[in-house]
Amino acid sequence: MKLEIGNIHVKELAFGENTALSSGRVEINREELVGFIRELDHRITEVKLDIALPGEKTRIMPVKDVIEPRVKAEGKGSMFPGRNGGDEAMVGEGRTHVLKGMAVVTTGKVVGFQEGIIDMSGAGAEYTPFSKTKNLVITCEVDETCNQYDHEAILRRVGIETANKMGELAKTVAADDSRTYETKPLLEQAAQYPDLPKIGYVYMLQSQGLLHDTYLYGVDVKSIVPTILYPTEVMDGAIMSGNCVSACDKNPSIVHQNSPVIHELYEHHGTKYNFMGVIVTNENVTLADKERSSNYVTKLAVQMGLDAVIVSEEGFGNPDADLVMNCRKLEDAGIKTVLMTDEYAGQMGESQSLADSTPKGDAVVSNGNANMVITLPAMDRVIGHDVYADMIAGGAEGSLHADGSITAEIQVITGATNELGYHNLTAMAG
Amino acid sequence: MIKIVHYINQFFGQKGGEEAADLPIELVEGPVGPGTALAAALQGKAEIVKTIICGDSYFNENEEVACMGIREILDEVQPDLIVAGPAFNAGRYGMACGKVGEVAHSMGIAAISGMYVENPGYELYRNFSFMVETSNSAAGMRKAMPAMAQLVSSWIEKEGKLGTPEEEGYMPRGLRVNFFAEERGAKRAVNMLINKLEGKEFKTEYPMPVFDRVEPQPPVIDLSKATIALVTSGGVVPKGNPDHIESSSASKYGEYSIEGLDFLTEASHETAHGGYDPVACNQAPDRVLPVDVLREMEKKGKIGKLHNLFYTTVGNGTSVSNSKAFGAEIAMHLKNAGVSAAILTST
């Protein structure tokens, strides 16, 4: 598959009379877009739109998902395929246009206990990559007939449909810059660089259930056996977040769209190694599922002839067992591994960081200790509801102070310890 | 210029040797003894405003009072940094320096110390201070003091954000410290992969912990003659949690009698554990600590005896080091009491 990604850099994001894109300025007719969102589900009771820009004294919370507006400019399929009848076409080929630097952020009353915080300035802004994007924030509330699962599904749909609608603006606009990514069918790919080691990416997706869910072409990954993807499929939204797990290390949809390991692996594809493709797998809760999925991952890696892989985790605790099983079985099959995780080493950093361990895991990238405590200053504007600071994972009774500042673990910050290595936080022995 | 308070013992405070070890806390203006060399080395950067002198026996035998005194002094002086020692291999002095570091840490004040690597003060209190490694006797003062001064200088220059133990010359504190790397995680992973593939050197960012694997004991041959004890990390405690075992990150375990009890009830026991839904355990604590079943087995003669004490702690978020220490002590109690086997329940 060959996919050209064309970026249109968003220099300005503002509300205005028309919903339009011109010379890097995205203008949104607020009433029109509110109307569009309200039509998405009859159980929506309230929709509010805000714009949050880098550097503002603005806090967004509790954040459900962050999505990048994209559109298929050429080629089959649609963004985030497989959700609706008629959009079952495979994606990852042709040309995709991206509104770069902009994101759609969904918030509203809390769904699970594990939604996050995005601060656009101050100490917290350093810890979230989404303080640097121009954010269109949707505060969406639902009626009392909705349970948590309905609520999650509605917010997921609202975020994705809005991002897709924004993406449409970029369909016929010339890109500011573009780059082509290509991975060939297995046999051809193997033949292209016969002398280079074959490497792959084992992409673990959160699937513990009870609001810890991820979707692949619209399918809940709890119910899949591991499978193979072309790396470019992910750039067109083949993987979609439905997660309400700890904010610091869940992967918002934008992280999948810009999947960092995939992009970094393409950098040396054809020079240092031959990047054969992606194995997606799940993190189910039962031991039988864990054994089956890790066996299956190893089988696929051997079947693809891989010499080495990067394995990334999503979440912590229970999925540490999946990470360790994948590592152990792959290494036993003679496939070298590099593991990507984050740490829960206690607020002082004094404890052991993972719930499971293997001596085979000799190459680990840490994306930081999620228990570190931080104080987030009060902001001039809160989009959403800051009353949840005491209850979201990483917060505690008393986290929200009377003046609006918050003291909590960085676990509460969206993307702080992202395990796909989306940004730079790490930890060392000190 | 930053303000430093220096903690030293009676010997280095020039009060005398062992005969002066019962000296209570004394607060002196400016540097004393080894502090003079430190002050000279830090000229222009830092000032030793006060020196605390305390006898080693006094500190260790009156720890609570001594700590209260230290706290009061720090509260009044408001130093930027506390320096303690160096203590070399003097056990009581090392323990005092370590404890002073812990007190300072609890007040948000950084501490720098120096001692021999085998000084128990390092093992116990290494989380709380940056400790320079010294030789095992005071003969090493000429090397220890410049090393501590160097670390203090670096601490000042870097505004408290010291680098790794290797870079800065302090002994590992056993802590994981966050920082922002130059490259993002995904890029570091790919670089590590390339190095691993090419057989080049690479450094893991997190050395995987090594778990203890305890060899199972031989089976109990005759259960009807065995004394069985119950031990749990499920947090079952007498109602009201008399020893205040923490709901997470437990710092202690409890030892409680079940003499004369045929079962546990909502009225008699509860769980202190904060990591699971406590409803089922609180309704019937036997679900986590099965006193009822073992009493029945005792009555039927299936086991010889149920040990009349049980041991309990909270596993939730409790560090491995604490757990290990609890385990060793509990095992010793059981052994001394002649217990043949223990049932360990978790949640």
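Predicted model: local features only at pLDDT ≥ 70, side-chain atom pairs only at ≥ 80, totals over all residues.
Residues are numbered from 1 along each chain as its sequence is written, and chains are lettered from A, and ligands numbered from 1, in the order in which they are written. Local features need pLDDT of at least 70 and side-chain atom pairs count only at pLDDT 80 or more, while totals for chains, interfaces and linings use all residues; side-chain values use heavy atoms, with hydrogens and water left out.

User: How many residues of chain A are in contact with chain B?
Analyst: Contact means heavy atoms within 4.5 Å. On the side of chain B, 43 residues take part, and on the side of chain A the number is 57.

User: What area is buried between chain B and chain A?
Analyst: Buried area is the accessible area (1.4 Å probe) that two parts lose on being put together, summed over both. Carbon and sulfur atoms give 63% of the total, which is about 4,400 Å². In chain B, 18% of what that side buries comes from the residues that lose the most area to chain A, namely B:Arg176, B:Arg184 and B:Met208. The area asked for is about 4,400 Å².

User: How many salt bridges are there between chain B and chain A?
Analyst: A salt bridge is a side-chain nitrogen of Lys or Arg within 4 Å of a carboxyl oxygen of Asp or Glu. B:Lys196 forms one with A:Glu331, with the closest N and O atoms 2.9 Å apart. Over all chains the count is 42, and between chain B and chain A it is five.

User: Which element gives the most residues to the side of chain B that touches chain A?
Analyst: Helices (H or I, at least four residues) and strands (E, at least two) are DSSP runs, numbered from the N terminus. At least two residues of this side come from each of β7 (176-180) and α8 (185-197) of chain B. With twelve residues, the element that gives the most is α8(B).

User: Which residue of β7(B) is the bridge partner of A:Met428?
Analyst: Two strands pair if DSSP finds at least two bridges between them. Strand β26 (residues 425-429) of chain A pairs with β7(B) over five bridges, in the antiparallel sense. There, the partner of A:Met428 is B:Val177.

User: Which helix of chain A holds both A:Arg292 and A:Asp289?
Analyst: A:Arg292 forms a salt bridge with A:Asp289, the closest N and O atoms being 2.5 Å apart. These residues are three apart, about one turn of the helix, and the helix that holds both is α7 (residues 287-303).
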